[in-house]
Amino acid sequence: MTAALSDTPNAMSRRRALSSLAVLSALGASWFTAPKAKAAPVQTRSSAEHAALIETLIGQMTIDEKAGQLNLLADPFRFRPYNVNPLDAFGDPARTTDLIRRGLCGALFNGVGAEAGRRIQRIAVEETRLKIPMLFAADIIHGMTTVFPVPLAEASAFDEDLAYRTARVAALEGAVSGIHQAYAPMVDVARDQRWGRVVEGAGEDVLLNQRLAAARVRGFQGERGLADRDALLATPKHFVAYSAAQGGMEYNTTDMSEATLRGVFLPPFWSAIDAGALSVMSAFNDLNGVPTSGNRRMLTDVLRGEWDFKGFVVSDYTSERELIAHGFAEDGRDAARIALLAGVDMSMVSGLYLEHIPGLVASGGVPMARVDEAVRRVLTTKAALGLFDDPYRGMDPERERLVRGAADHYALAREAGAKSIVLLKNEGRVLPLRREGQKIALIGPFASDVDNVFGPWTIWGDEGHRVSLEAGFRAAMRRPEDLIVAQGCEVEAAISGGISAAVVAAAQSDVVVLALGESARFSGEAQSRVEITLPPAQQALAQAVAEIGKPMVVLLRNGRALELSGAVKDAAAIVVTWFLGSEMGNSVAEVVFGAHSPSGRLPVSFPHRSGQQPFSYDHKTTGRPANPALASEEYTARYRETTNTALYPFGHGLTYGEVRYSAAVLSSDTLAWDGEIEASVAIQNAGTVPVVETVQLYIHDRVASLTQPGQRLRDYRKVEIAAGATTTVTFRLRRPLLEFIGAEGRMTVEPGAFDLWLAPSAQVGTPTRFNLVR
């Protein structure tokens with residue numbers, strides 16, 4: 001346990017961990033005795049040998065032991081700095097130890113530490129009847145000891161390689177900590193910014209979600225196979241349509257057409273599974289009246305029947321028990337029956353499978369074959385992870401100390417943070433700031449804050465390595481004494497004298513940098529918002545400082561798109577900095593002071609008003625499309641208060657260069673059914689610094705048997721353009737690029753006219769037309 005404690009971030013965390021150690025000691029020496037020296041590596045079995053072993057084990061198991069393999073509990077033994085879930089309370093170590101010894105618990109989650117992990121695994125492989133190894137899982141969402149940008153932020157980079165690399169490092173740090181499975185990536189397409197879990201995914205676009213889902217799965221699982229000691233089993237979640245919750249309210253009902261389900265919400269899951277994911281997490285919501293954790297059509301007919309998924313499905317936290325509250329199951333026994341028959345193989349925390357599967361089989365409520373099928377899936381995945389050959393894989397305390405929080409991991413966090421920042425506005429070229437010869441007032445609740453740099457869904461980040469904006473700015477400035485810092489207000493409340501001090505600081509400066517936005521508690525699970533605005537205390541601070549008349553830069557810290565108004569909206573420069581993780585202050589300073597020209601692009605549309613939600617750039621035109629060019633839009637698809645557009649659309653992001661797009665050019669205006677044409681655009685950087693530009697290809701099917709979105713992103717390309725240079729970017733167009741989900745729920749494409757944009761974002765540019773012909 002000492003080795004695990006060496007990575008605790010601060011004294012408070014150490015006290016919590018020592019408290020856990022006292023609980024473990026109370027279990028007695030039999031549990032706490034160190035395992036024997038590691039034996040020589042066992043010869044790796046072939047897949048056929050593993051299959052034979054698994055069938056032998058299933059044949060030897062009692063029904064209680066089978067239910068035990070499907071029973072997933074919170075890890076009460078290993079280090080966690082706080083309760084991850086308020087219903088958790090860490091569990092009972094003595095009871096959990098007893099269940100493991102009796103073969104009645106097959107997996108634990110959200111505890112870390114290599115040495116303690118070896119002790120737990122030793123019970124399973126040396127003290128149980130069948131010697132089946134445990135599976136250890138964890139919510140490793142955007143890093144572990146090293147915290148990377150939240151997934152929504154990282155999506156702004158439009159960079160699959162970056163997503164792969166950060167997931168690879170997260171997997172490495174998890175694997176050396178005794179973890180085998182990550183409950184990530186979240187691949188829910190999120191189009192309502194009121195929903196708190198927007199922060200965990202890749203935003204509103206289907207294609208971007210697909211590409212990053214696949215990249216993150218490959219990153220978690222590595223290139224050498226799941227049995228590699230540095231691989232983590234990826235678990236795409238939450239299956240399915242969880243992010244379409246009505247009103248953006250967490251856990252709420254979803255209701256949608258088959259075309260929307262298959263065209264928007266299913267594709268990222270398919271991409272994740274196609275990339276090799278062998279586990280999927282079911283969701284909390286109901287879908288068209290059927291809770292997804294009891295939805296046989298989705299979990300069996302689609303996932304396994306159509307997609308041939310070979311892995312196992314794990315419920316989200318008690319989601320199978322929640323079938324009762326949904327009004328879909330009578331009681332716990334009925335909920336266990338429905339979930340198991342629907343296709344949920346492993347029960348998280350509720351204990352319903354362990355409690356009810358034996359009786360359900362005895363009464364004929366659940367066939368033994370279905371239980372065996374679920375057990376087989378779990379054991380096959382354990383075999384794929386190499387646990388039957390080396391149950392202690394990766395559990396090396398010395399290597400754990402060396403790997404977690406390594407210097408090159410923090411360097412990657414800094415790089416990822418800089419690439420995730422989005423410059424929305426830069427009037428008068430107030431940015432980049434000068435490193436010297438300029439007095440800068442850094443004002444706002446996040447100026448010196450470190451508590452909110454990680455963002456939501458971090459459990460094991462090193463709290464001793466959290467770089468504030470102030471620290472990042474001072475490190476970047478040649479004269480740190482030219483930085484004036486004032487808090488101004490709390491995140492949601494005024495502070496005595498705060499605005500007065502901020503006004504004084506602003507008056508003494510040449511430029512004001514306002515650090516405003518959301519705290520980490522504003523985003524994530526159960527953090528839905530009615531209004532996606534800045535708190536009134538921050539808005540008042542911005543207004544007071546703006547009245548001084550100095551050039552003003554707003555740095556937004558946020559886990560969703562926001563409605564901007566007043567002095568914040570009117571600032572000379574606006575930068576979306578999200579939650580960037582361990583190196584946040586340094587990453588922001590790199591961009592603000594010009595060491596890195598901003599290259600991020602919005603993965604979500606910033607609305608004019610909160611009431612536009614749900615909103616995405618790829619909405620349909622309707623029969624009366626809004627047209628700002630008209631003298632009056634009164635009888636078009638719009639609100640009284642605003643147009644049916646975004647303030648800052650999906651894909652938007654500026655650089656420090658001057659990027660100019662020419663008109664798109666097609667090699668032909670006719671695309672043959674099995675042919676190909678090219679679409680090209682010349683892009684000039686008329687500025688004085690090199691830039692990275694994200695060129696986006698949008699398509700609109702003008703006439704189709706089902707109405708189509710006004711635009712759909714079909715491809716994108718990142719290109720480096722030197723100062724003063726012009727480059728030509730070319731995309732190849734083939735028929736599959738034009739497909740859509742038809743009335744029968746299958747991919748289809750129809751001849752006819754299409755519009756095409758090659759543009760820096762949605763909502764801009766002039767389309768070029770071509771025709772698809774048979």
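**View 1. Salt bridge between arginine 224 and aspartate 230.** Arginine 224 pairs with aspartate 230 in a salt bridge, their closest N and O atoms lying 3.8 Å apart; the term denotes a side-chain nitrogen of Lys or Arg within 4 Å of a carboxyl oxygen of Asp or Glu. Arginine 224 counts as exposed because its relative accessibility is 62%, whereas aspartate 230, at 7%, counts as buried (buried, under 20% relative accessible area; exposed, over 50%; partly exposed, in between; 1.4 Å probe, protein chains only). The model is predicted: local features need pLDDT of at least 70 and side-chain atom pairs count only at pLDDT 80 or more, while totals for chains, interfaces and linings use all residues. Residues are numbered from 1 along each chain as its sequence is written, and side-chain values use heavy atoms, with hydrogens and water left out.

**View 2. Salt bridge between aspartate 75 and arginine 78.** The closest N and O atoms of this pair are 3.0 Å apart. Both aspartate 75 and arginine 78 are buried.

**View 3. Salt bridge between glutamate 481 and arginine 479.** The N to O distance is 3.1 Å. Glutamate 481 is partly exposed, at 49% relative accessible area, and arginine 479 is also partly exposed, at 37%.

View 4. Glycine 343, with a positive phi near 130 degrees, follows H14.

Note on methods:
Helix = DSSP H or I, 4+ residues; strand = E, 2+ residues; numbered from the N terminus.
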